[in-house]
Amino acid sequence: MTDTEVHAGAGAGGGQRLHIPIHLRWGDLDAFNHVNNTSMLKLLEEARVRAFWLPAPGEDAPGTAVLESSIHHGVLTLIARQEIEYLAPVPYQRHPLDVQMWFGKLGGSSIEVCYEVCSPLESAGDAGQTVYARATTVVVKVDAATGRPLRLSAAEREAWEPYVGDPIDYAHRR
């Protein structure tokens, strides 16, 4: 899989999953030689932008990339909440991580994006993929001028509904 390839696959709990390949950078590692927790937020952000934001002319993107978000277009996307459960350290590797994504919920003006950050598809082999982390991000679509929430469009809902599945049930929540 290359940087621009995206494919959909069935996920547990209904709905399809997007598989977004995200390469690690050497600078994502910390002194313990694994991906730093703050770098994980950047990796999730990169996957989210590739999966849902409209591409520039000439760029490849999945059919879910329908969100037009910029001050120029009068639409902003704000992060309302993020949660990450780390399951295993992410070592540096040359093959891209497989960031699997789906929606736990499509709200009126918000989306709950769910992720599983997995070992590269290229190295999965018979043992299967390692799930390094699970995460959820709640993104709210707002009017850039007023800051008021904007409803999800019919086109956004149509593109995203096949990817609605169960939200993440975090194992270590108290």
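Biologist: In β4, what is the bridge partner of proline 21?
Modeller: Aspartate 98 is the bridge partner of proline 21 in β4. Strands here are DSSP runs of E with at least two residues, and helices are runs of H or I with at least four, numbered from the N terminus.

Biologist: Before we go on, what kind of model is this?
Modeller: This is a predicted model, where local features need pLDDT of at least 70 and side-chain atom pairs count only at pLDDT 80 or more, while totals for chains, interfaces and linings use all residues. Residues are numbered from 1 along each chain as its sequence is written, and side-chain values use heavy atoms, with hydrogens and water left out.

Biologist: OK, how do β2 and β4 pair, parallel or antiparallel?
Modeller: β2 and β4 (residues 97-106) are antiparallel, over five bridges. Two strands pair if DSSP finds at least two bridges between them.

Biologist: How many of the residues of β2 are buried?
Modeller: Six of the seven residues in β2 are buried. Buried is under 20% relative accessible area, exposed is over 50%, and partly exposed is in between (1.4 Å probe, protein chains only).

Biologist: And over the protein chain, what percentage of residues count as buried?
Modeller: 40% of the 174 residues do. The chain has two helices and six strands, in the order β-β-α-β-β-β-β-α.

Biologist: Where is aspartate 28 found?
Modeller: Aspartate 28 sits in the loop between β2 (16-22) and α1 (37-52).

Biologist: Why does aspartate 28 count as buried?
Modeller: Aspartate 28 counts as buried because its relative accessibility is 2%. Leaving aside neighbours within four places in sequence, aspartate 28 is in contact with His34, Val35, Asn36, Ser39 and Leu43. Contact means heavy atoms within 4.5 Å.

Biologist: Leu43 also lines the second largest pocket, I think. Which other residues lie nearest the centre of that pocket?
Modeller: Ile22, His23, Arg25 and Glu46 are listed with Leu43 as nearest the centre, out of ten lining residues. α1 gives the most to this lining, with five residues. A pocket is an open set of points on a 1 Å grid over the protein atoms alone, with protein on both sides within 12 Å along at least five of seven lines; a cavity is a set where a 1.4 Å probe fits but cannot get out; lining residues have an atom within 4 Å of a point.

Biologist: What is the volume of the second largest pocket?
Modeller: Its volume is about 160 Å³. Grid points are joined across faces, edges and corners, and the volume is the space filled by probe spheres set on the points.

Biologist: Switching to cavities, how many of 30 Å³ or more are there in the whole structure?
Modeller: The search finds two. The largest cavity has a volume of about 40 Å³. β6 gives the most to its lining, with three residues. Isoleucine 111 is among the lining residues, as are Val139, Leu152 and Trp160.

Biologist: Which residues touch the most other members in the largest nonpolar core?
Modeller: Of its 31 residues, Phe52, Met101, Phe103, Ile111, Val113 and Trp160 do. α1 gives the most to this core, with six residues. A nonpolar core is a set of buried Ala, Val, Leu, Ile, Met, Phe, Trp, Tyr and Cys residues joined through side-chain atoms within 4.5 Å.
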